[in-house]
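Q: Please take a close look at a single part of this structure and describe its surroundings in one connected account.

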Amino acid sequence: PVPLFPLPGVFLFPRHPLPLHIFEPRYRAMIEDSLDGPGRIVLGTIPIGEEETSEHVPKILDVATLGEIARHDRLDDGRFMIILFGLQRVEWSEVESPHPYRLVQVSAFSQNEPAPPLAHSLDQRLRQALQARMGEDFILPGDTPLEFLIDLLCSRLALPAARVERIFTERDQAVRAERVLAAHQEAT
């Protein structure tokens, strides 16, 4: 089992770093326990409208990201500043936890990859959109995975969480790419 760190409207994309401030006692314990082990946690997104209270355990999106603590700084008062690096999208199921935080079992998120001609076309369009957003000097290696290009463009757009959710959880990479390209076009 892997610790689950639920956050409202926050998405951890695979191959992306996410700086986090850990201040709640139960999540400070989660980080302590994780650092004593492999240093991996699942960042689960709480959909907009859900709220975590002492009486209500919030719903989490079915798709989350397994992350690894790439860096941590323990502050004098017990809080942590960490950088969580996204490893891969996962599907999860909750298991009983003896800890003050939730635990989940994870499995790889199955995705449909586009056929080579479509993948090539999407790759080119995503690279053009990324260059438009990040400048002409921005160059990625030719073998950069399509999934990374999609996620990188999505992370560069200031989209409402509900729209990111539709992109993030989509199983079909071609559909995911078209959604993020449409959002890019609307924002230009």
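A: The buried residues of α4 pack against β4 (63-74), β5 (80-95), α3 (146-156) and α5 (173-187), where contact means heavy atoms within 4.5 Å, and where helices (H or I, at least four residues) and strands (E, at least two) are DSSP runs numbered from the N terminus. This is a predicted model, in which local features need pLDDT of at least 70 and side-chain atom pairs count only at pLDDT 80 or more, while totals for chains, interfaces and linings use all residues. Residues are numbered from 1 along each chain as its sequence is written, and side-chain values use heavy atoms, with hydrogens and water left out.

In helix α4 (residues 161-168) the buried residues are Val164, Ile167 and Phe168, buried being under 20% relative accessible area with a 1.4 Å probe and protein chains only. They lie on the same side of α4 because they cover an arc of only 95 degrees around the axis, the arc being that of the directions from the helix axis to the C-beta atoms.

Phe168, at 1% relative accessibility, also belongs to a cluster in which ring pairs link Phe11, Phe13 and Phe168; rings of Phe, Tyr and Trp (its six-membered ring) pair if their centres lie within 6.5 Å, and planes under 30 degrees apart count as stacked, over 60 as edge-to-face and the rest as tilted. The count comes to 3 aromatic pairs. Among them, Phe13 and Phe168 are edge-to-face, with 5.6 Å centre to centre and 70 degrees between the planes, and this pair links Phe13 in the loop between β1 and β2 to Phe168 in helix α4, 155 residues apart.

Terms used
Buried < 20%, exposed > 50% of the residue type's maximum accessible area, 1.4 Å probe, protein only.
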